[in-house]
Amino acid sequence: LHKEYRRQRQMSIRDRKGGKYMLKKHALDPIKLIWLFAGSLIINTGVSFIWPLTTIYIHNYLHETLTVAGIVLFINSAFTMVGNAVGGLLFDKWHPYQTLLTGVSISTLSTFLLVLFHGWPAYPILLITLGLGNGIVVTGLNSIATLIQSRNASYVFNVLYFTQNLGCLLYTSDAADDTPCV
C-alpha cells in the first residue's frame, strides 16, 4: 500500500516546466525531517524510563521481588517485539500515518491509565500494552524514514540512530540525579 501512496504523491506534485514534468524532491517526503527526528527522540527518551523506574516501582512500592520485576520487564520487551511486527504489517498493508497514530494512541492511553491504575496487577498489564504501542511507533518511525527522498538514506538513519542514543542519554543524565538507589 505504501508503494501506491508514494505513486499518488508523485503524481500529485508534478510541475509542468518547459514541456517536461519535473518532480519536487522535497515535496515527496511524507513528513518533515525535524518532526521525524523529534518523534524518535521523544519515544526513545520515554522507552528509556521504563526499565529502571519499573524495577524500582515494582520492588519498592508494590513490594514484589526483583525476579517479578524482571519477568514483567521481559514480558514488556516481548510485547514491544510483537508491536514491532504488528507495526511493520500495518505500515505495509494499511497506511503509514494511521499506523503511527494507532501506536501513539495505544501508548498514550496506556500511560494515562497507568497514572490512574498503578497497583498490582494493573501496572504490569498496562505496561504490556504500553510496550505494544511503543513497538508500533518505533517501527512506524523507522518505516517512514525509508520514504524520505529529500536526503540521502544514510543521513536519515544516522540522525535517527543519534536521536535514539540521545534519548537514552537524556534519561540517564536525569535519572542519575533523581532516582533513588535500590
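His-63 sits in the loop between H2 and H3, where helices (H or I, at least four residues) and strands (E, at least two) are DSSP runs numbered from the N terminus. Its phi is near 60°, a positive value in a residue other than glycine. At 64% relative accessibility, His-63 counts as exposed; the scale here is buried under 20% relative accessible area, exposed over 50% and partly exposed in between, with a 1.4 Å probe and protein chains only.

Before going further, a word on the source: this is a predicted model, where local features need pLDDT of at least 70, side-chain atom pairs count only at pLDDT 80 or more, and totals for chains, interfaces and linings use all residues. Residues are numbered from 1 along each chain as its sequence is written, and side-chain values use heavy atoms, with hydrogens and water left out.

A cis peptide bond, with omega about 5°, joins Trp-120 and Pro-121, and Pro-121 is placed in the loop between H4 and H5. For context, most residues other than glycine have a negative phi, and most peptide bonds are trans.

## The chain and its close contacts

The chain has 6 helices and 2 strands, and along the sequence they run α-β-β-α-α-α-α-α. Of its 182 residues, 32% are buried.

Gly-103, in helix H4, has its C-alpha 4.4 Å from that of Gly-133, although 30 residues separate them along the chain. Gly-103 is buried, with a relative accessible area of 0%. The other pair is Asn-44 and Gln-164: 120 residues apart along the chain, with their C-alpha atoms separated by 5.5 Å. Asn-44 belongs to helix H2 and counts as buried at 14% relative accessibility.

## Pockets and cavities

Now for the empty space. Rolling a probe the size of a water molecule over the atoms shows where empty space is left. The search runs on a 1 Å grid over the protein atoms alone: a cavity is a set of points where a 1.4 Å probe fits but cannot get out, a pocket is an open set with protein on both sides within 12 Å along at least five of seven lines, and lining residues have an atom within 4 Å of a point. Grid points are joined across faces, edges and corners, and a volume is the space filled by probe spheres set on the points.

The largest pocket holds about 340 Å³ of space. It is lined by 16 residues, and the closest to its centre are Ile-31, Tyr-97, Leu-100, Leu-101 and Leu-141. Two or more lining residues each come from helix H2 (33-61), helix H4 (96-116) and helix H5 (122-146). H4 gives the largest share, 5 residues.

The second largest pocket has a volume of about 290 Å³. Among its 17 lining residues, Gly-46, Ile-50, Thr-111, Leu-114 and Leu-130 are the closest to the centre. Again H2, H4 and H5 are the elements that give two or more residues, but here H2 gives the most, with 9 residues.

As for cavities, the structure holds 2 of 30 Å³ or more. The second largest cavity is lined by Ser-40, Ile-43, Asn-44, Val-138, Leu-141, Asn-142, Leu-160 and Gln-164.

Ala, Val, Leu, Ile, Met, Phe, Trp, Tyr, Cys and Pro count as nonpolar, Asp, Glu, Lys and Arg as charged, and the others, Gly among them, as polar.

| Space | Volume | Lining residues by type |
|---|---|---|
| Largest pocket | about 340 Å³ | 14 nonpolar, 2 polar, no charged |
| Second largest pocket | about 290 Å³ | 12 nonpolar, 5 polar, no charged |
| Second largest cavity | about 40 Å³ | 4 nonpolar, 4 polar, no charged |

Ile-71, Phe-74, Ile-75, Phe-79, Val-82 and Val-86 make a nonpolar surface patch of about 510 Å². Patches are made of residues with over 30% relative accessible area and no salt bridge, with like charges joined within 9 Å and nonpolar side chains (Val, Leu, Ile, Met, Phe, Trp, Tyr) within 5 Å. A salt bridge is a side-chain nitrogen of Lys or Arg within 4 Å of a carboxyl oxygen of Asp or Glu. Accessible areas come from the Shrake-Rupley method with a 1.4 Å probe, and for residues only the protein chains shown count as cover. Val-86 lies in helix H3 (residues 66-93) and is partly exposed, with a relative accessible area of 31%.
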